[in-house]
Amino acid sequence: MTPAYDRNNIFAKILRGEAPCTKVYEDEFALAFRDIHPKAKVHVLAIPKGEYVSLADFAQSAPPDMVAGFWRAVTRVAERLGVADGYRIGSNVGPGGGQIVFHFHVHILSGPRQ
Amino acid sequence: MPSQPPHHLAPYDRNNIFARILRGEAPCTRVYEDEFALAFNNIHPAAPVHVLVVPKGEYVSNADFSASATDALIAGFWRAVAKTATVLGLDESGYRLVANHGPDANQVVFHFHVHIIGGRQLRGVSGRGPVPSDGG
């Protein structure tokens, strides 16, 4: 079962500037930064600027312009990373789905696994 | 007319298998459908639950979809993905979503689609769990 949103989760702290990150992209809808434990040559996380625990929560609760803006941001991240010809997007939903941080995030992966 | 896709992907092919499924010309085992999306079982499942969700429109990839579709369609599509997971009974157990973009990432069918994978304990997004190679 997905827990309630915790305003002290690490991604909330990164969004507030209270925790560091290596930023690769930011706009009004999203922030993207390097995963500190990369599983591939390129491994970036994109998160929306809002309090959503999971993709399901985001899809059901966020306004359409934010949902669209977020996914457009994901595309721009891939372009900025130079991986637009080949990348994988992944998102884990719920503890049983492997989700660890309960602020919705999308993994953008490209290149050989590490 | 299909839009010119970004990122060097081939133009949209109206005879791709998912387009044919959407037109009812090819069979599928339907899981969920609404005005924005169709969800059906993957014929080569990588996990006990492995469903594909496709938008009702001509988009080669997530990048094309995000760049070209309206806000309403994008939001409706992702809501349909969440509803599909609910229909599959995955809200309690959890699940993984994957989308491959481009031939370098094993995208095989060039109609944008999201994999919903569940039915067993999953680990990190690129860990040892099932990784669809996009067999369609």
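Biologist: In chain B, what share of the contacts with a separation of 6 or more comes from residues 24 or more positions apart?
Modeller: In chain B, 64% of the contacts with a separation of 6 or more involve residues 24 or more positions apart. Keep in mind that this is a predicted model.

Biologist: And in chain A, what percentage of contacts between residues at least 6 apart join residues at least 24 apart?
Modeller: For chain A the figure is 60%.

Biologist: How many helices and strands does chain A have?
Modeller: Three helices and five strands. Their order from the N terminus is α-β-β-β-α-α-β-β.

Biologist: What about the secondary structure of chain B?
Modeller: Chain B has three helices and five strands. From its N terminus, the elements go α-β-β-β-α-α-β-β.

Biologist: What is the radius of gyration of chain A, against that of a compact globule?
Modeller: Chain A has 13 Å. A compact globule with 114 residues would be near 13 Å, so the two agree. Along the principal axes, the C-alpha atoms of chain A fill a box of roughly 35 × 30 × 25 Å.

Biologist: On to the sheet. In what order do the strands come?
Modeller: The order is 1(A)-2(A)-3(A)-5(A)-4(A)-4(B)-5(B)-3(B)-2(B)-1(B). That is 10 strands in an open sheet, with antiparallel pairing.

Biologist: Which strands stand at the edges?
Modeller: Strand 1 (23-26) of chain A and strand 1 (30-33) of chain B. Each has a single partner strand, so one side of each lacks a neighbour in the sheet.

Biologist: How many degrees does the twist average?
Modeller: From one strand to the next, the twist averages 20 degrees.

Biologist: Where chain A meets chain B, how many bridges join strand 4 of each?
Modeller: Seven bridges. Strand 4 of chain A and strand 4 (residues 95-101) of chain B run antiparallel. As for a bridge pair there, Ile89(A) partners Ala99(B).

Biologist: How many residues does each chain give to the contact?
Modeller: Chain A gives 36 residues and chain B gives 36.

Biologist: Which elements of chain A give two or more residues to that side?
Modeller: Helix 2 (55-61), helix 3 (64-81), strand 4 (87-93) and strand 5 (106-113) of chain A. Helix 3 of chain A has the largest share, with nine residues.

Biologist: How does that side of chain A divide by class?
Modeller: On the side of chain A touching chain B there are 17 nonpolar, 13 polar and six charged residues.

Biologist: Back to helix 3 of chain A. At what angle do its axis and that of helix 3 of chain B cross?
Modeller: The axes cross at roughly 85 degrees and come within 8 Å. The two helices are therefore roughly perpendicular.

Biologist: Which residues make that contact?
Modeller: From helix 3 of chain A, Pro64(A), Asp65(A), Val67(A), Ala68(A) and Trp71(A). From helix 3 of chain B, Asp71(B), Ala72(B), Ile74(B), Ala75(B) and Trp78(B). By class, this helix contact has eight nonpolar, no polar and two charged residues.

Biologist: Which strands of chain A does helix 3 of chain A lie across?
Modeller: Strand 1, strand 2 (30-34), strand 3, strand 4 and strand 5 of chain A. Helix 3 of chain A runs at about 155 degrees to strand 3 of chain A.

Biologist: New topic: strand 2 of chain B. How many of its five residues are buried?
Modeller: Four of the five are buried, so strand 2 of chain B is largely enclosed by the rest of the structure.

Biologist: How is strand 2 of chain B joined to strand 1 of chain B?
Modeller: By a hairpin through three residues. Three bridges join these antiparallel strands of chain B. Glu33(B) has Leu38(B) as bridge partner, and Arg30(B) has Phe40(B).

Biologist: And over how many bridges does strand 2 of chain B pair with strand 3 of chain B?
Modeller: Five, in the antiparallel sense, with strand 3 at residues 49-55 of chain B. There, Ala37(B) is bridged to Pro55(B).

Biologist: Last one. Where is Lys49(A)?
Modeller: Lys49(A) sits in the loop between strand 3 (40-48) and helix 2 of chain A.

Biologist: How exposed does Lys49(A) count as, and why?
Modeller: Lys49(A) counts as partly exposed, because it has 16 C-beta neighbours inside 10 Å. Neighbours within four places aside, Lys49(A) contacts Leu15(A), Phe29(A), Ala30(A) and Leu31(A).

Technical notes
Residues are numbered from 1 along each chain as its sequence is written. Chains are lettered from A and ligands numbered from 1 in the order in which they are written. This is a predicted model: local features need pLDDT of at least 70, side-chain atom pairs count only at pLDDT 80 or more; totals for chains, interfaces and linings use all residues. Two residues are in contact if their C-beta atoms, placed from the backbone, lie within 7 Å. Ala, Val, Leu, Ile, Met, Phe, Trp, Tyr, Cys and Pro count as nonpolar, Asp, Glu, Lys and Arg as charged, and the others, Gly among them, as polar. Two strands pair if DSSP finds at least two bridges between them. The radius of gyration is taken over C-alpha atoms; the globule rule is 2.2 Å times the number of residues to the power 0.38. A residue is buried if 20 or more other C-beta atoms lie within 10 Å of its own, exposed if 12 or fewer, and partly exposed in between; C-beta atoms are placed from the backbone. Axes are lines fitted to C-alpha atoms, for helices over the stretch in contact, and angles run from 0 to 180 degrees between N-to-C directions. Angles under 35 degrees count as roughly parallel, over 145 as roughly antiparallel, 65 to 115 as roughly perpendicular and the rest as oblique.
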